[in-house]
Amino acid sequence: MSPIAVNLAAVRARIDAAARDAGRDPAGIRLIAVSKTHSAAAIRDCIEAGQRDFGENYLQEALAKMDALARESITWHYIGRIQSNKTRELAARFDWVQTVDRERIARRLSEHRPAGLPLLDVCLQVNIDREPQKAGVLPEDVAALARLVADLPRLRLRGLMAIPRAEPAESARDAFMRLREIFETLRGEGLPIDTLSMGMSGDLDAAVAAGSTMVRIGTAIFGERG
Ligand SMILES: *Cc1c(COP(=O)(O)O)cnc(C)c1O
């Protein structure tokens, strides 16, 4: 097995254990391998180990890897900051965009999603800890943006995503619970969302305990970023 395949198996085991501890079915947690700064060859090692979902943060870097891996069947998730002049390429090349945080970006992604492709799956990024340097819609503004996005013709609103403050660990746990609450409130209001994208290498266990349905793991699979 390649080192990456070994890491991937360890991450899957961690997800299974966290799910069991929480009384959840591990099949309800989707693993996104975050491959930013890592090569197409590293992604190929993951694919050989059965991984299909990959997350990227930088458009140009992602496009090069998509071209190199064009023959593989991969689901590509965009998890980086969105500049409005990049929405055309994002909408054409990605399957998911998890970092939608404002109306203008959502409208442009919908306008630019090519007619021949399925609807673009999107999550709203929530600035759950109200950190000024972080992207994301503020918790009190999520519901209005969610209703707007749910009505856009070429987008399919799937759920919410957040990157809580990492330290201290109790603070991340609390943030995951607050995101879960917003998610449940929106569902209670009838929005057909199914995705709670939270949990990274350092905190995936806490995220699964709080109800995460999608974890985004980079370092624990590919090693430290250069
Ligand atoms: C880089 C990144 C990750 C992965 O982080 P690790 O700590 O390396 O697992 C997850 N989500 C987002 C949005 C990221 O930018």
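In which loop does P168 lie? P168 is placed in the loop between strand 6 (155–161) and helix 7 (169–188), where helices (H or I, at least four residues) and strands (E, at least two) are DSSP runs numbered from the N terminus. A cis peptide bond, with omega about -10°, joins E167 and P168.

This is a predicted model, in which local features need pLDDT of at least 70, side-chain atom pairs count only at pLDDT 80 or more, and totals for chains, interfaces and linings use all residues. Residues are numbered from 1 along each chain as its sequence is written, and side-chain values use heavy atoms, with hydrogens and water left out.

The secondary structure of the protein comprises nine helices and eight strands. Its radius of gyration, taken over C-alpha atoms, is 17 Å, close to the 17 Å from the globule rule (2.2 Å times the number of residues to the power 0.38) for 226 residues, so the protein is as compact as a globular protein of that length. Of the 226 residues, 51% count as buried, meaning under 20% relative accessible area, with exposed being over 50% and partly exposed in between (1.4 Å probe, protein chains only).

Most residues other than glycine have a negative phi, and most peptide bonds are trans. Two residues with positive phi are listed below.
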